[in-house]
Amino acid sequence: MLVWCLRFQTLLLVFLWGLAGSGLAQGPPAPPAPGPPAPAPSAAPMPLTVLVVDVQALLQNSKAAKMVRGQIEQKRNEYTKEISHQEETLRAERDSLQRQQASMSADALNQKGREFQQKVNDLERNVQGKRQALEKSNGEALSKIQEQMLKIIADIAKDRKSNLVFQRADLVLFDQSFDVTDEVLQKLDEQMPTLTVNFAVPTPPPASPGPAATVAQPTASTPAKPKKK
């Protein structure tokens, strides 16, 4: 009996050794190598809330914008009258030179022509300076309106939890319920009912270098008077 048991154990060991060699008697498989962590669930997307504002309408219809336009137009009329008066003066001087050219020497006529052309150039620079001053004054006033307008729009967007505001001019079709132009206009008129334009001082641009033009020389039908010897 003891011998059988030893033989049985020997057979069992041989059997187990054969299973181990074939891989059938291996222990439990090792756990798989850990892979990359699973992505965390993404947060729910924020709902899109849109507002639309007609900026051009606000710059046309607000009280402050209308007041700015009135002041700019008044100043433009003042400049126009001043320039028209200077132009009339230059026309009269030109006509006088044309009448005198037959009795003037060529040198004197050229000198008068250069002086007259300088006055014309100065007037052109004066006109340009006034136009630039008006544009600057108007731009600065409109910037103040736009700054106040943006503050109001930001407050409305915050109250309505809006995360996107479009300008009306950039859209073709949209739901009219998104439009808050009237609300912005009402608040803008309340917060900025008036606005005084700070007019810039006109500064004529520097004169461009170049030869000065002269007035027309006497024609053959009206010869210049010869110099006295």
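**Entry 1. Lys130 and its partners**

I looked up Lys130 and found its side chain joined to that of Glu82 in a salt bridge at 3.3 Å, N to O. I counted as a salt bridge a side-chain nitrogen of Lys or Arg within 4 Å of a carboxyl oxygen of Asp or Glu. The pair connects distant parts of the chain, with Lys130 in helix H4 and Glu82 in helix H3 (residues 63–100), 48 residues apart. Helices here are DSSP runs of H or I with at least four residues, strands are runs of E with at least two, and both are numbered from the N terminus.

I then checked the exposure of both partners. Lys130 is buried, at a relative accessible area of 7%, whereas Glu82 is partly exposed, at 35%. The classes are buried for under 20% relative accessible area, exposed for over 50% and partly exposed in between, with a 1.4 Å probe and protein chains only.

Which ring lies under the charged end of Lys130? I found that of Tyr79, its centre 5.2 Å away. I noted a second case in Lys75, which lies over the face of Phe199 at 5.0 Å from the ring centre. For a charge over a ring, NZ of Lys or CZ of Arg must be within 6 Å of the ring centre and within 35 degrees of the ring normal.

**Entry 2. Basis of the model**

I worked from a predicted model, in which local features need pLDDT of at least 70, side-chain atom pairs count only at pLDDT 80 or more, and totals for chains, interfaces and linings use all residues. Residues are numbered from 1 along each chain as its sequence is written, and side-chain values use heavy atoms, with hydrogens and water left out.

**Entry 3. Further salt bridges**

How many salt bridges did the rule give? I recorded eight. One of them joins Arg160 to Glu183, with the closest N and O atoms 2.7 Å apart. This pair also links distant parts of the chain: Arg160 is in the loop between H4 and S2, Glu183 in helix H5 (residues 181–191), and 23 residues separate them. I read Arg160 as partly exposed at 40% relative accessibility, and Glu183 as partly exposed at 28%.

I also noted Arg94 with Asp95, whose closest N and O atoms are 3.3 Å apart. Arg94 counts as partly exposed at 36% relative accessibility, as does Asp95 at 29%.

**Entry 4. From Lys161 to strand S2**

I looked at the loop between helix H4 (106–159) and S2, where Lys161 lies. Lys161 has a positive phi of about 55 degrees, although it is not a glycine. Is Lys161 buried or exposed? I found it exposed, with a relative accessible area of 68%.

Phe166 belongs to strand S2 (residues 164–167) and is partly exposed at 32%.

**Entry 5. The chain as a whole**

I listed five helices and two strands in the protein chain, in the order α-β-α-α-α-β-α from the N terminus on. Of its 229 residues, 23% count as buried. The accessible surface comes to about 16800 Å², with 59% belonging to carbon and sulfur atoms; the areas come from the Shrake-Rupley method with a 1.4 Å probe, and for residues only the protein chains shown count as cover.

Contacts (heavy atoms within 4.5 Å) were my last item. Among those between residues at least 6 apart in sequence, 89% join residues at least 24 apart.
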